[in-house]
Amino acid sequence: MIINTGSRTDIPAYYSEWFYNRIKEGYVLTRNPYYPEQVSKYRLDPEVVDVICFCTKNPEPMLKRLNELKDFKQLWFVTITPYGKEIEPGVPKKDEVIASFQRLSDLVGVKAISWRYDPIFITERYSLDFHIRRFERMAERLQGYVDNCVISFIDLYEKTKRNFPEVRNVCREERETIGREFAEIGKRYGIAIRSCCEGTELEKYGVDISGCMTKAVVERAIGSNLCIPKGKRPARESCNCLLGNDIGMYNTCAHGCIYCYANYDMKTVAGNMRLHDPFSPFLTGGFRKGDCVKEVKQETYIDGQLCLFGNI
């Protein structure tokens with residue numbers, strides 16, 4: 001089974017103490033975001049959890065205690081973008097995130113870490129040339145610490161349009177320019193470019209269009225083949241990624257990125273964060289009247305054959 005932590009919030013950045021307490025207790029409780037009275041109970045046991053997947057803009061709070069996850073396989077996606085505080089107010093300085101990325105890579109290994117450069121959008125300040133220059137500067141610093149980078153272009157969710165009204169879609173010509181230039185830069189620094197949910201238009205430039213958290217990517221990180229149950233489908237129709245079983249909660253990330261789809265607004269986030277208890281089995285709050293707790297059936301997907309995976 002795959003446990004994800006990053007589709008709804010940034011657990012490493014803001015809830016690392018809670019997460020390590022959950023590892024120590026051996027279970028976590030997660031509310032269904034659409035039916036809150038439905039609560040899923042997951043065992044956090046390496047016998048049934050094949051990999052824990054993290055997606056974060058700041059892995060630093062996790063690093064000092066990472067040895068507490070020594071019994072678990074891990075897969076990390078760390079987002080480093082070129083945007084300023086007016087776009088990502090709560091994200092640490094990029095130099096700090098890059099330094100944390102380098103330390104994390106040394107701890108978990110290159111096969112278990114990916115760089116995310118997304119979402120990509122174009123404005124007068126963040127022009128095509130700006131993205132190309134900054135991407136190369138970051139790639140140079142991350143050379144040897146990562147061998148793949150996931151890119152995607154901004155999706156205009158209603159929340160995004162409300163919080164970031166000046167944003168626009170990236171046109172096809174701009175997308176292709178970025179795909180072509182990033183692929184060339186990646187070749188110079190040993191970093192393969194991957195896209196997720198962006199169709200096939202960048203494949204001709206050498207971009208891997210298969211997705212970010214695919215079965216092959218997970219297998220490479222853990223060094224084993226996975227037999228995914230037939231009924232286990234990707235979370236989105238255009239996506240091959242294995243994004244289910246997320247233990248996070250929407251409206252709990254304090255980064256405050258104005259393009260974010262996972263927060264309604266920062267007032268809601270602040271209210272939820274006040275309910276956070278690092279010793280609770282829930283990310284925020286506790287048990288409520290009417291809760292229906294269901295223990296999720298968990299079993300390993302590993303087929304027992306150890307494999308040697310090359311670059312993907």
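Close-up 1. P119 sits in strand β6, which spans residues 113–120. Strands here are DSSP runs of E of at least two residues, helices are runs of H or I of at least four, and both are numbered from the N terminus. The peptide bond that leads from D118 to P119 is cis, and its omega is near 0°. Most peptide bonds are trans, and most residues other than glycine have a negative phi. This is a predicted model: local features need pLDDT of at least 70, side-chain atom pairs count only at pLDDT 80 or more, and totals for chains, interfaces and linings use all residues. Residues are numbered from 1 along each chain as its sequence is written, and side-chain values use heavy atoms, with hydrogens and water left out.

**Close-up 2. Y83 is a buried loop residue.** Y83 belongs to the loop between β5 (74–79) and α4 (94–108). Its relative accessible area is 3%, so Y83 is buried. Buried means under 20% relative accessible area, exposed means over 50%, and partly exposed lies in between (1.4 Å probe, protein chains only). Which residues does Y83 touch, not counting those up to four places away in sequence? They are E88, K94, P119, I120, F121, Y126, H131 and Y259. Touching, or contact, means heavy atoms within 4.5 Å. The Y83 side chain also reaches the backbone nitrogen of F121, at 3.2 Å. K94 lies 11 residues from Y83 along the chain, and their C-alpha atoms are separated by 9.0 Å.

**Close-up 3. Helices α4 and α5 pack together.** The two helices, α4 and α5, meet at an angle of about 35°, and their axes are 10 Å apart. Axes are lines fitted to C-alpha atoms, for helices over the stretch in contact, and angles run from 0 to 180 degrees between N-to-C directions. From α4, the contact uses D95, I98, F101 and Q102; from α5, it uses M138, R141 and L142. These residues divide into 4 nonpolar, 1 polar and 2 charged. Ala, Val, Leu, Ile, Met, Phe, Trp, Tyr, Cys and Pro count as nonpolar; Asp, Glu, Lys and Arg count as charged; the others, Gly among them, count as polar. An α-helix has 3.6 residues a turn, so residues three or four places apart point the same way.

**Close-up 4. A salt bridge joins R141 and D95.** The closest N and O atoms of R141 and D95 are 2.6 Å apart. R141 lies in helix α5 (residues 128–142) and D95 in helix α4, so this pair ties together parts 46 residues apart in sequence. R141 is partly exposed, at a relative accessible area of 34%. A salt bridge is a side-chain nitrogen of Lys or Arg within 4 Å of a carboxyl oxygen of Asp or Glu.

**Close-up 5. Other salt bridges.** How many salt bridges does the structure hold? There are 20 salt bridges in the structure. One of them pairs D45 with R43, with the closest N and O atoms 2.9 Å apart. D45 is partly exposed at 22% relative accessibility, and R43 is partly exposed at 38%. R168 pairs with E174, and here the closest N and O atoms are 2.8 Å apart. R168 is partly exposed, at 37%, whereas E174 is buried, at 12%. A network of salt bridges links R172, R175, E176, E201 and K204.

**Close-up 6. Helix α2 is mostly covered.** In α2 (residues 16–25), 7 of its 10 residues are buried. They are S16, W18, F19, Y20, N21, R22 and I23. These buried residues pack against α1 (11–14), β2 (27–31), β4 (51–56) and α3 (60–63). G26 follows α2, and its phi is positive, near 90°.

**Close-up 7. N4 is buried in strand β1.** N4 is placed in β1, residues 2–4. Its relative accessible area is 2%. Beyond residues up to four places away in sequence, N4 touches C53, M213, L242, L243, G244, N245, D246 and I247.

Close-up 8. C197 is not a glycine, yet its phi is positive, about 60°. C197 lies in the loop between β8 (192–195) and α8 (215–222), and is partly exposed at 27%. N251 has a phi near 60° and is likewise not a glycine. The loop between β9 (224–226) and α9 (266–274) holds N251, which is buried at 15%. Leaving out residues up to four places away in sequence, N251 touches A262, N263, Y264, D265, T268, V269 and N272.

Note on methods. A polar contact is a pair of N or O atoms within 3.5 Å; within protein, one must be able to donate a hydrogen and the other to accept it, and residues adjacent in sequence count only if both atoms are side-chain atoms.
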